[in-house]
Amino acid sequence: MAIDDLPPLRDVIARHNLSARKALGQNFLLDLNLTAKIARAAGDLAGADVLEVGPGPGGLTRGLLAEGARRVLAIEKDPRCQPALAEIAEAYPGRLQVIEGDALEIDPLEHLSPPIKIAANLPYNVGTELLVRWLTPKVWPPVWSTLTLMFQREVAERIVAAPGSKAYGRLAVLAQWRTDARIVMSLPPGAFTPPPKVSSAVVHLTALPEPRYPADPKVLERVVAKAFNQRRKMLRAALKGLHPQIEDLLVEAGIAPTERAEQIPLEQFCALARLVAAR
Ligand code: SAM
């Protein structure tokens, strides 16, 4: 079955002269079956508003709309993509709004109505920066219910990493403290035009109603940043300066002061953050 009646993305790109620009991290997905699959990974879209960041020529946008999103609000930095996106808006009357701009400078979430899902295939550095922002709003639960985001495979692994692995660090703690995070799809470089140098993966994050374990977000962030900043050092050395009795607090949190950050499960980081905040 055709996903929509719009022309193939290769034609759209040729007609609008959308040659990929490296500076904007442009690696496009042109297979509409694949973009529909990514849209389905975002969960049930019927009745949901979707914020899409970096729609480019609109492959994922078309997937999200075809999969039944109530409304898609898309932010795209490259003005050359606007005519292609306008054609999609015309094919889905009243359901696609496009904002031209930088997603790092505009936050249009307040224009959407819950349930809100966020979906994006973004350049790696922009995606990580936005992920951290979406994971650290002023209040929790956040306005969004899920994030479905494409990352370099190596970054995706850092988001879902378990303690004891090399990939385990701040990103894992931050993401897993407040969400259920899973890799739902792996994509080889050849899935993109032009192909990037490395493989990619889609991570789906579902906001938990409350963080997994109690802790003050700022204190937890401070503890985890310091612990992983010198990840090869024993925690009693890495956390020096955080608290005058840090060794005692580590023991009280059930952490051997000779352990390294890489070994410490989220629950113990939260216990330590509570003790640091209380004393
Ligand atoms: N979503 C499209 C797809 O899957 O084919 C395009 C993906 S391409 C990897 C990334 C897109 O994000 C490009 O269209 C690029 O212009 C856009 N982009 C890059 N930085 C951006 C930013 N800061 N804000 C908004 N869009 C940005």
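The largest nonpolar core in this structure has 85 residues, and those with the most contacts inside it are Leu64, Ile159, Val203, Phe269 and Leu272. A nonpolar core here is a set of buried Ala, Val, Leu, Ile, Met, Phe, Trp, Tyr and Cys residues joined through C-beta atoms within 7 Å. Buried is a count: 20 or more other C-beta atoms within 10 Å of the residue's own, with exposed meaning 12 or fewer, partly exposed in between, and C-beta atoms placed from the backbone. Helix 11, residues 266-278, gives the most to this core, with seven residues. The core also draws at least three residues from each of domain 1 (9-207) and domain 2 (217-278).

Two notes before I go on. Residues are numbered from 1 along each chain as its sequence is written. This is a predicted model, in which local features need pLDDT of at least 70, side-chain atom pairs count only at pLDDT 80 or more, and totals for chains, interfaces and linings use all residues.

Now the chain as a whole. The protein chain has 11 helices and nine strands; these are DSSP runs numbered from the N terminus, with helices being H or I of at least four residues and strands being E of at least two. Along its principal axes the C-alpha trace spans about 65 × 40 × 30 Å. Of the 279 residues, 41% count as buried.

Next, the domains. The assignment gives domain 1 (9-207) and domain 2 (217-278), with bounds from an automatic or database domain assignment. Their centres, taken over C-alpha atoms, are separated by 34 Å. The contact between them takes nine residues from domain 1 and 10 residues from domain 2, where two residues are in contact if their C-beta atoms, placed from the backbone, lie within 7 Å. On the side of domain 1 that touches domain 2, the residues divide into four nonpolar, four polar and one charged. For these classes, Ala, Val, Leu, Ile, Met, Phe, Trp, Tyr, Cys and Pro count as nonpolar, Asp, Glu, Lys and Arg as charged, and the others, Gly among them, as polar.

Back to single residues. Not counting residues up to four places away in sequence, Val203 touches Leu149, Phe151, Ala156, Ile159, Val160, Ala181 and Ile183. Ala156 lies in helix 6, residues 153-160. Is Ala156 buried or exposed? Ala156 is buried, because 25 other C-beta atoms lie within 10 Å. With the neighbours up to four places away left out, Ala156 touches Phe151, Ile183, Ala201 and Val203.

Ile246 lies in helix 10, residues 246-252, and is buried, with 22 other C-beta atoms within 10 Å. Beyond its neighbours within four places in sequence, Ile246 is in contact with Arg236, Leu239 and Lys240.

Last, the ligand. How many residues surround the ligand? There are 24, and the closest are Phe28, Gly54, Gly56, Ala103 and Asn121; a residue is near a molecule or strand if its C-beta atom, placed from the backbone, lies within 6 Å of it. Strand 1 (28-29), helix 3 (59-66) and strand 3 (71-76) each supply at least two residues of this shell. The shell divides into 13 nonpolar, seven polar and four charged residues.
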